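Please keep the sequence and the structure at hand while reading.

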Amino acid sequence: MATDTATEVFEEHRPVLMGVAYRMLGRVADAEDVVQETWLRWSAAERHEVRAPRGFLVRITTRLALDRLRQLRARRESYVGPWLPEPLVTDFGPVLPDGAERAALAESVSFAVLVVLESLSPLERAVFVLREAFGYPYAEIARILDRGEAAVRQLAARARRHVEERRPRYEVDPAQRRDLTERFLAAATGGDFAALLSLLAPDATLVGDSGGKSRAPLRVIASADKVARFLWGAARKSADDGLTFEFLELNGGTAILVRSGGAPDTVFQLDVAAGRVQRVYIVRNPDKLTALT
């Protein structure tokens with residue numbers, strides 16, 4: 001296989017490889033490292049012997065991501081405060097029409113799902129990602145992971161049960177989420193405590209991720225009143241900081257990117273159900289915002 005053709009084949013499958021790696025690791029930088037290592041192995045392989053390039057590349061990516069995930073687990077045990085995935089730009093545009101496929105793809109990279117996936121074992125996570133997000137048959141997953149098919153089915157059942165038990169049931173209505181996000185920003189920046197409180201479900205929670213490198217809550221804030229007071233106070237303190245706000249699609253849904261001096265400072269994203277905000281995610285760890293520059 002000529003070098004140009006090898007590059008074209010790899011680039012054709014890069015989105016899938018990035019999708020697998022990101023869902024496995026929850027960080028854009030780590031996923032990009034894994035995909036780059038996959039490219040190095042692909043470029044050095046005896047490609048004339050590869051009958052199914054996509055399967056070959058997915059197998060390499062998955063195994064590399066498994067190795068990386070096992071390394072990251074030790075670091076995350078000492079992580080300061082709650083952990084959230086690194087925000088991922090997911091503007092699907094016209095590639096996917098509105099419908100079940102788009103909704104499923106968006107949910108598979110949502111903060112709510114990726115946080116739950118953190119509690120799976122590395123093998124369970126790999127099986128869940130390949131099966132639920134990409135629809136791989138059990139037999140093919142068994143080949144990718146070098147495991148028996150019966151064992152893969154058991155891993156899949158255990159992972160699916162775990163995710164179903166812990167995954168919050170939030171609506172995925174893009175228009176409603178966008179509307180609530182815009183009203184949320186207007187209330188917060190306008191200092192309208194009553195309006196902010198009215199947007200929150202009574203049992204709303206707020207999860208902040210700073211990694212100990214920025215100011216953010218080190219514990220989950222629970223109840224609409226406490227969440228609203230925290231956001232209202234934070235908005236008042238930053239009112240004169242020259243912040244700018246923009247909307248973009250991250251992890252399958254509308255999010256707010258806050259910039260300070262032009263540099264990414266904070267990402268806000270909301271989970272919505274029954275017309276109210278159920279959960280507020282705040283990412284302030286600067287290491288997780290570099291890709292948004």
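Helix 9, spanning residues 174–189, contains both Asp-179 and Arg-183, which are 4 residues apart, or about one turn of the helix. The side chains of Asp-179 and Arg-183 form a salt bridge, with an N to O distance of 3.1 Å. The model is a predicted one, and the distances and accessibilities reported for it are computed values.

- Arg-41 pairs with Glu-37 in a salt bridge whose closest N and O atoms are 3.2 Å apart.
- Helix 2 holds both Arg-41 and Glu-37, and the two are separated by 4 residues, about one turn of the helix.
- Arg-41 counts as partly exposed because its relative accessibility is 44%, a value between the limits of 20% for buried and 50% for exposed.
- Glu-37 is likewise partly exposed, because its relative accessible area is 30%.

- A salt bridge joins the side chains of Arg-153 and Glu-149 at 3.2 Å, N to O.
- Both Arg-153 and Glu-149 belong to helix 8, where they lie 4 residues apart, about one turn of the helix.
- Arg-153 is partly exposed, since its relative accessible area is 42%.
- Glu-149, with 35% relative accessibility, therefore counts as partly exposed.

**Salt bridges across the structure**

- One network of salt bridges links Asp-30, Asp-33 and Arg-68.

**Nonpolar cores**

- In soluble globular proteins, nonpolar side chains tend to be buried together.
- The largest nonpolar core in this model comprises 50 residues, and the members that touch the most other members are Met-24, Trp-42, Leu-117 and Leu-145.
- Two or more residues of this core come from each of helix 1 (3–25), helix 2 (28–44), helix 3 (53–76), helix 5 (111–117), helix 6 (122–133), helix 7 (138–145) and helix 8 (149–166).
- Helix 1 supplies the largest share of this core, with 11 residues.
- Another core, of 24 residues, lies apart from the largest one; its members include Phe-193, Leu-200, Val-227 and Val-280.

- How many cavities of 30 Å³ or more does the structure hold? There is 1.
- The volume of the largest cavity is about 40 Å³.
- Its lining consists of Ser-110, Phe-111, Ala-112, Arg-177, Gln-269, Leu-270, Asp-271 and Tyr-281.
- Helix 5 and strand 5 (263–273) are the elements that contribute two or more residues to the lining of the largest cavity.
- Strand 5 accounts for the largest share of that lining, with 3 residues.
- By residue class, the lining of the largest cavity comprises 4 nonpolar, 2 polar and 2 charged residues.

Definitions and conventions. Residues numbered from 1 in each chain as written. Predicted model: local features only at pLDDT ≥ 70, side-chain atom pairs only at ≥ 80, totals over all residues. Heavy atoms only, no water. Core = buried A, V, L, I, M, F, W, Y, C linked by side-chain atoms within 4.5 Å. Buried < 20%, exposed > 50% of the residue type's maximum accessible area, 1.4 Å probe, protein only. 1 Å grid on protein atoms, 1.4 Å probe; cavity = no way out; pocket = protein on both sides within 12 Å on 5 of 7 lines; lining within 4 Å. Points joined across faces, edges and corners; volume = space filled by probe spheres on them. Nonpolar A, V, L, I, M, F, W, Y, C, P; charged D, E, K, R; others polar. Salt bridge = Lys/Arg side-chain N within 4 Å of Asp/Glu carboxyl O.
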